[in-house]
Amino acid sequence: MSTRLTNGGRLIDRRQPREFTFNGKRMTGFAGDTLASALLANGQTLMGRSFKYHRPRGVMASGAEEPNALFGIGTEGHFEPNQRATTQEIFEGMQAESQNHWPSLDFDVGAINSKVSRLLPAGFYYKTFMAPRPFWKHVFEPIIRRSAGLGKAPKARDADQYEHFYAFVDILIAGGGIAGLQAALMAGEAGARVLLVEQLPYWGGRTPVDGGEIDGMLAADWVKDAVQRLENMPNVEIRLRCMASGIYDHGYALAYERLTDHCADKSGSRHKLWRVRAKHIITATGAIERPLSFAGNDVPGVMLASAVRDYIADYGVSVGDRVVIVTTNDDAYRTAFAIHEAGLAVPVILDARTDQERPPEVGGFVTKARHMGIRVEMGKGIARVKGGKHVTGIEICDQAGEGHVLEEIACDAVAMSGGWSPVVHLWSHCGGKLLWDEEEAMFYPDETRPPISHDGKGFVTTAGSANGKLLIRAVMKDAQSAAKTVLEALGMDVAGGAAEAGPFNEWMPKPVWMMPQGAGKDLRQKMWLDFQNDVKVSDVQLAAQEGYESVEHTKRYTTLGMATDQGKLSNINGLATLANALNEEVPAVGTTTFRPPYTPISMGSIAGEARGDMFQPIRRTPIHEWHESQEAYMEPVGHWRRPYCYPKDGESHADAVKREVLATRESLGLLDASTLGKIIVKGPDAPRFMDMLYTNMMSSLKPGRCRYGLMCNENGFLMDDGVVARLDDETFLVHTTSGGAEHTHGHMEDWLQCEWWDWKVHTLNVTEAWAQIAVVGPNTRNLLEKLGSEIDLSAEALPFMGFAFGKLGGFDARVFRISFSGELSFEIAVPASQGRAFWDALHEAGAEFNATAYGTEALHIMRAEKGFIMIGDETDGTVIPQDLGLDWAISKKKDDYLGKRAQARSHMVDPNRWKLVGLETVDGSVLPDGSYAIGDGVNENGQRVTEGRVTSTYHSPTLNRGIAMGLVKHGPNRMGEVLRFNTTSGAEIQAEIVNPVFFDPEGEKQNV
Amino acid sequence: MSSVSALQDARFDGAVTVEEAGLQGMVTLKADLSAQSVVDGLKRIGLNIPGQRQIVETDTGAIAWMAPDELLFLCDHDKAGDVEAQLDAALQGQHVLIVNISDARAMFRIEGKGVREVLAKLAPVDLHPDSFGPGEIRRTRLAQVPAAFWMQDDDAFNVICFRSVARYVFDILFKASETSYLRQAKQGVL
């Protein structure tokens, strides 16, 4: 079993113990431990259950590529599932939970899936979609839902905070191994602005463990020195625990910094998402070791060879007393040496290569191992791993054979190495292409086809192991040449930095995609490719047999590489297996697409500050605080919040609305209309521009007068409406709907800038400069005169649809005599800074008239009583003015306006278009919103025939009955006819077609 | 008659100080800034058009370049009418639009060490001292809303936004300064 060694562990501090819990059990590790190393130190090798078969799983790797050891970390608002134990550092009091097991990790009922695994082959999920149909819903889906899956979704609200950070640099370097450090040193010395990010909590990548010499220093010392030098460069920023997660167009990249995941103190931002613009990006992302496909390669205790020596060197943890090495390359011998030096046993090294294949100049590792007294078997492999919850032994076979067992060896761990794959993810995110290296059996970046930026030049360069240079000397040489190329392209001087690295001759690996190469079906069904998603060699072969040729299709069919690890370990082995099954070369099959992020990033980091109160900007009028102080019930209108109604103590919303309507109609109502859009249009060409924007004639409007107008888009559909005031010959003030100002302003500028660029017109959106208050009701004039007005407000001086500017009660007022309620009404704009004071003054002076603040619902009801349309109710983007009986507002005299030609299309002039009418229920009730008028029979789709729909519906307090407007086929010709409207309960409501103007059709009330 | 700004001088003292600057006079001029007649008209009242993205101080406030056809004049709130009238007179007869938009906006002042870092959390702008310093105005966004800012001196920015989102902008500035993760001393990359 695994345990903590007496000595060693360069990353841990044995003087600082850290207590944490695992499934509620208390354990102790040291500062610097990952959860994986701490669990191994505590003898816990079983770390989870697999996705589909609930097989017992142990940790396989020591870094970001880990597929198995996933945990839920933290509790409540700090809980996060699917965290890799290999990258999660422990801290005092940390709580970790294993996943996907029931009822316990040791005894899991779902493991029965494993026994019936032949019933869950590749494509099982898709096959369940086929007949018999009811089986999906009632049998397969519930079973799959319960038994498959990894972490649980958090239930509590995220208690952490997150932030973004925009950074602009000359060079972003992803990866703080020796290649990244060397590139950063050269770029820093050349004076470039550099951001160097490393996902791990330490610098140097694998090199401090694997050893070697750079610049005559031990590699580990060189790393320390390099970091020191970088820290002293003011133009270089270096970040640990910060992963370059994705590369996007034009030098844009995301880096994900984990600020508090390793701390007991969770204050401050948890994650910081760096949004980087770089002139150039260097990816020095290293390489990942590949597993080998032999039967039982998923049994806890089978690990990557590099991970086994990492646990010894980095954390002073042994994964077992007797570790069998199985390899296709020299690198795994380093693990054998590390184990041996730690005083533990390596019963045998199984090397799939044969002595006959060995070139004469290499083989030093084999010789060294034998000199140390380690048994080395060439041309041999593992036929099968023995053990259930943990490795108990292995069976040796000839790699060339079918798996005949030559010998059994007892062991408690297996260190495997199938060679190394460069981490080409970042290179590939934005289109960098790959080449296949036959000798090393790996894909590596094709430097002639990098991701291309706006200028047609590559903006990503790769360096070191990520570029397929796996040995220390080649890595350093490659990093230097990459940095040089990049700096020269940026026009910078390259100075110094020619680090020399020590020599190493290694024997090339042998590509081994299955062990043994002639394994039968029985063995193949136990060879895992994708450990997280439970995809085996036999599954990929079955997919090929069933006709899947494309690697992308096979991926989806088998789910290979689709888990949270995105196939970091399984990718190459999987596609090589597919290539073999299809009798193709590996490069002919190719890789699946590499997409960001490199490893999962938190949703919180993506949202950044956009949560809680700051989730979305809320727009507030100058009177907003008053509404809140009255505990108004607010509703969203665009990004504004407007009072829907102002309920008094214990009053229902309906009662409040009724009170507000009646008070306004009887005496005096006050509405905060500040949200109304206000756009100034000015210039010698403003009149003809206005004529093009509106369906009616605006150029004929006299200064000092207002006119209601309709605005359509070029497809003829009604887009916005409102009152236009002509300020002078050249200047118009356009009022838009609330929330429509920005869109309308954009519409204007679009036409001015793209089509009529030579017209002399300026526009300016001044919506927020003014607070606007509608003063409505029979006592309006009494109130304003009481305030003291230097403007003559009499009907003669300021008639309906007139306006005047001047002092009103000491305020700088613009008084528009317009009405959306049918009452005597003045809309008064004052500078926003005076808005609240003006509102207060109106209430104070209006008290004797029972001045009543009313909300949007009362506004809607009063306009509906008058038959006025509302953009967004009567219109939905498919309605033209003619549908709404607004032909009177469409000029026949103008040559053109936006939408004119579209409105002449055959479908637009079809007499069968539904048209606006009023609707009165026979029993006085209120029609449901959106209800349809039902016709007889069914249409060609088998749906009930309809002949109209409700667009607005209210209880009218004025008329004390339900009123509605709707669009009805041939509506205006069917006055008096009774229609049937549907409801969600199935009952039908009868309503008569009437004139949409329910109240004061002659307009006597507003014209006083 | 009392005029008030959007947040009535709200203030937060965190890693940096965030305060609403109160009422601020602002007049927008829309005109073809490349037209000689516009250049001459402004010159007559002693004003030069700032270069692209520049803001220059004047006797009464400042002039900021906002777009190829737009300038912003900053002045005392109660002097905006005078500035408007002055510009009207100087550019009479030309195709220009001059509007007092003082109340359409809110203005903030943020100050302190690390103030660049606070803004860099919200605005996609290169705020490295080599790239951005006093004398430049940048129209951009702060998180989800449009905004503009310029530096008063090395450790202080003025920020303007639309009045209706003043509370939102105050909140995000406050949050960004509260969670600030200030780097040690190093005056490096942002």
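Colleague: How do H20(A) and H25(A) lie to each other?

Modeller: H20(A) and H25(A) are oblique to each other. Keep in mind that this is a predicted model.

Colleague: What is needed to describe such a pair?

Modeller: Two packed helices are described by the angle between their axes and the distance between those axes. Here, helix H20 (residues 653-666) and helix H25 (residues 856-865), both of chain A, pack at an angle of about 55°. Their axes are 9 Å apart. The crossing of H20(A) and H25(A) is right-handed.

Colleague: Which residues make the contact?

Modeller: H20(A) brings A:Val657, A:Glu660, A:Val661 and A:Thr664. From H25(A) come A:Glu857, A:Ala858, A:Ile861 and A:Met862. By class, the residues of this contact are five nonpolar, one polar and two charged.

Colleague: Which residues of H14(A) meet H16(A)?

Modeller: A:Val537, A:Val540, A:Gln541 and A:Ala544 do. They face A:Gly574, A:Thr577, A:Leu578 and A:Ala581 of H16(A). This contact has five nonpolar, three polar and no charged residues.

Colleague: Now helix H21(A). Which of its residues are buried?

Modeller: A:Ala686, A:Phe689, A:Met690, A:Asp691, A:Met692 and A:Leu693. H21 (residues 686-693) of chain A is mostly covered, with six of its eight residues buried. The cover includes E36, strand E37 (706-712), strand E39 (731-736) and helix H22 (741-755) of chain A.

Colleague: Step back to the whole chain. How many helices and strands does chain A have?

Modeller: Chain A has 25 helices and 51 strands. Its C-alpha trace spans about 115 × 70 × 55 Å along the principal axes. Of its 1008 residues, 54% are buried. Among chain A contacts between residues at least 6 apart in sequence, 67% join residues at least 24 apart.

Colleague: Which residues touch the most other members of the largest nonpolar core?

Modeller: A:Ala183, A:Ile773 and B:Val169 do, in a core of 243 residues. Strand E9 (residues 161-174) of chain A supplies the largest share, nine residues. Apart from this core lies another, of 98 residues, among them A:Ala38, A:Leu40, A:Leu70 and A:Cys411. As for B:Val169, leaving aside neighbours within four places in sequence, its contacts are B:Phe108, B:Leu142, B:Val145, B:Ala147 and B:Cys161.

Colleague: How many residues of chain A are in contact with chain B?

Modeller: 47 residues of chain A are in contact with 42 residues of chain B. On the chain A side, E9(A) gives the most, with eight residues. By class, that side has 22 nonpolar, 12 polar and 13 charged residues.

Colleague: Finally, a loop residue. Where is A:Gly802?

Modeller: A:Gly802 is in the loop between helix H23 (780-787) and strand E42 (803-808) of chain A.

Colleague: Why is A:Gly802 classed as partly exposed?

Modeller: Count the C-beta atoms around it. A:Gly802 has 17 others within 10 Å, so it is partly exposed; buried would need 20 or more. Leaving aside neighbours within four places in sequence, A:Gly802 contacts A:Gly704, A:Arg705, A:Cys706 and A:Arg817. The C-alpha atoms of A:Gly802 and A:Val815 are separated by 8.5 Å, with the two residues 13 apart along the chain.

Technical notes:
Residues numbered from 1 in each chain as written. Chains lettered and ligands numbered in written order. Predicted model: local features only at pLDDT ≥ 70, side-chain atom pairs only at ≥ 80, totals over all residues. Contact = placed C-beta atoms within 7 Å. Helix = DSSP H or I, 4+ residues; strand = E, 2+ residues; numbered from the N terminus. Nonpolar A, V, L, I, M, F, W, Y, C, P; charged D, E, K, R; others polar. Core = buried A, V, L, I, M, F, W, Y, C linked by C-beta atoms within 7 Å. Buried ≥ 20, exposed ≤ 12 C-beta atoms within 10 Å, placed from the backbone. Axes fitted to C-alpha atoms, helices over the stretch in contact; angles between N-to-C directions. Parallel < 35°, antiparallel > 145°, perpendicular 65-115°, else oblique. Left-handed = near helix turned anticlockwise from the far one by under 90°.
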